[in-house]
Amino acid sequence: MSHTWWRGAAIYQVYLRSFADGNGDGVGDLAGLRARLPYLKDLGIDAIWLNPWYPSPMADGGYDVADYRDIEPVFGTLAEAEKFIAEAHELDIKVIIDVVPNHSSTASAWFRRALTDRTARDRFWFRDEPNDWQSIFGGPAWTQVPDGQWYLHLFAPEQPDFNWANEEVHQEFEDVLRFWFDKGVDGVRIDSAALLFKSATAYEDLDEVHDVYRRWRRIADEYGDRILIGEVWLPDQERFTRYLRPDELHTAFNFDFLSCPWDPAELRRVIDLTLTTHAPVGAPPTWVLSNHDVTRPVTRYGRADTAFAHGGRLHGAPSDLELGYRRARAAALLAMALPGSLYVYQGEELGLPEVEDLPDELRQDPMYARSQGANPGRDGCRVPLPWAGEEPPFGFGGPHPWLPQPESWRKLTAEAQQADLGSMLNLYRTGLRLRRELLGDGSLSWLPLGDGVLAFIRSSGLICVTNLGPGPIPLPPGRTVLASGPMADGDLPPDTTVWLTSLE
Ligand code: GLC
């Protein structure tokens, strides 16, 4: 693989707790992941991104990191992580880990020291008086400690924010990057990347943050081919692409595409905007349909309102899952055909729906508790994967997965789908294989096939047509290489994508 592998890579997101459980304790782990590497190889991905795997009290699913240089014992050991990296590399799969620089854990050595020693507080945000900021998970963003001071946490109280005006914090994270790059990790996904700096009145996208990423980029470049990926949620695309200037991050997640409704004009607008804002900085766009924070596409696309919005997440709004499934298939082929890199969140390739009927007492996401139940939180997209068999735990591991799986997932196991040529799993496999063979680098040109249709041709000659209109449409000339659903008498039915190669 070349040094620019990441520009067009298909990256599979592993939410380790819910991927596969190797030791039977109900929680996914490195042993489970290592055993399933052949599955990921067959799927046809280029890289794995793992959510945080560090020691953590799990107040926010591991995004409360107690030690950035070790592995959470429930997941395995550092030695096992090293084996995993080596095994992935043998299969020609790159490894990307999550780095969480905005905040730490109240269980970290630095924070514990800060609690008992007032002179050790400058690495965090301690103040005598809180301001009126609210936590992103709900409730106040400040918590008082026994001696009367308050510390800032933009997320849960267990996640104290670092003070990036303190040089020690810079040194620490630069050392952490080197630690993992030395272990062979190929890249890092940077959590909450735009929030690091705070002023008296603001905490989003302050200009100083860019210096951090310039320093990180120099480190990544020293290693040659390591990459930095930003989690940057910003409404302003121009501000967003500043993070992607040639001496900063390599890529960042495209949340506009992820949140976009199933609507031809909106999708076209978002795709065009993405391409035009990325071009001047020379960074490849990314195409993301889901992740561990958002509603699963099958459920979202089956609703009357198909956009993703944080807040209530439209939880419980009626969803026609058959329609959602059809659209999720069409969306997958659309995303795969666009120029840039692609993210696949575990379970997306199985067409899993959001689990919306989890018993409240089992919900673990702090969003749920901190909003007093107003926000159901993100547990519904984090339910352990169904691998095989007729009943829960569907081959996930021990008898009691940390969140219960619906009985109806018997039809959605990887095993059941393997045997079914028309399954979502086989659509992803074939799509990912053809994407490698047929797409290559390069741009796209739109084809004018009507208002309800998104159609473009890539410079390699591949044509992608998605019908978002109400009725079937005639196919343009070409040889069909893959379709997300059956044709209707040779026409392309609604909510279906087809890939064609030109006839010349
Ligand atoms: C990011 C993560 C999310 C986490 C939050 C705080 O948005 O994706 O899961 O809760 O940061 O770390």
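**View 1. Aromatic pairs.** The structure holds 33 aromatic pairs, counted when the centres of Phe, Tyr or Trp rings (for Trp, the six-membered ring) lie within 6.5 Å, with planes under 30 degrees apart called stacked, over 60 edge-to-face and the rest tilted. One of them joins phenylalanine 179 and tryptophan 180, an edge-to-face pair at 5.0 Å centre to centre with 80° between the planes. Tryptophan 180 is buried, at a relative accessible area of 1% (buried is under 20%, exposed over 50%, partly exposed in between, using a 1.4 Å probe and protein chains only). A word on the source: this is a predicted model, where local features need pLDDT of at least 70 and side-chain atom pairs count only at pLDDT 80 or more, while totals for chains, interfaces and linings use all residues. Residues are numbered from 1 along each chain as its sequence is written, and side-chain values use heavy atoms, leaving out hydrogens and water.

**View 2. Two rings in helix 6.** Here tyrosine 213 meets tryptophan 216: their ring centres are 5.5 Å apart and the planes sit at 85°, so this pair is edge-to-face. Both belong to helix 6 (residues 209-222), and because they are 3 residues apart, about one helical turn separates them. Helices are DSSP runs of H or I with at least four residues, strands are runs of E with at least two, and both are numbered from the N terminus. Tyrosine 213 is buried at 0% relative accessibility, and tryptophan 216 is buried with a relative accessible area of 0%.

**View 3. Arginines over rings.** Take a look at arginine 121, whose charged end sits over the ring of phenylalanine 126, 4.4 Å from its centre. Arginine 123 lies over the face of tryptophan 110, at 4.0 Å from the ring centre. To count, NZ of Lys or CZ of Arg must be within 6 Å of the ring centre and within 35 degrees of the ring normal.

View 4. Strand 4 pairs with strand 6 (residues 150-152) over 2 bridges; pairing takes at least two DSSP bridges.

**View 5. Arginine 327.** This residue of helix 11 (residues 321-337) is buried, at 15% relative accessible area. Its side chain makes a 3.0 Å polar contact with that of aspartate 495 (N or O atoms within 3.5 Å; within protein, one able to donate a hydrogen and the other to accept it, with sequence-adjacent residues counting only if both atoms are side-chain atoms).
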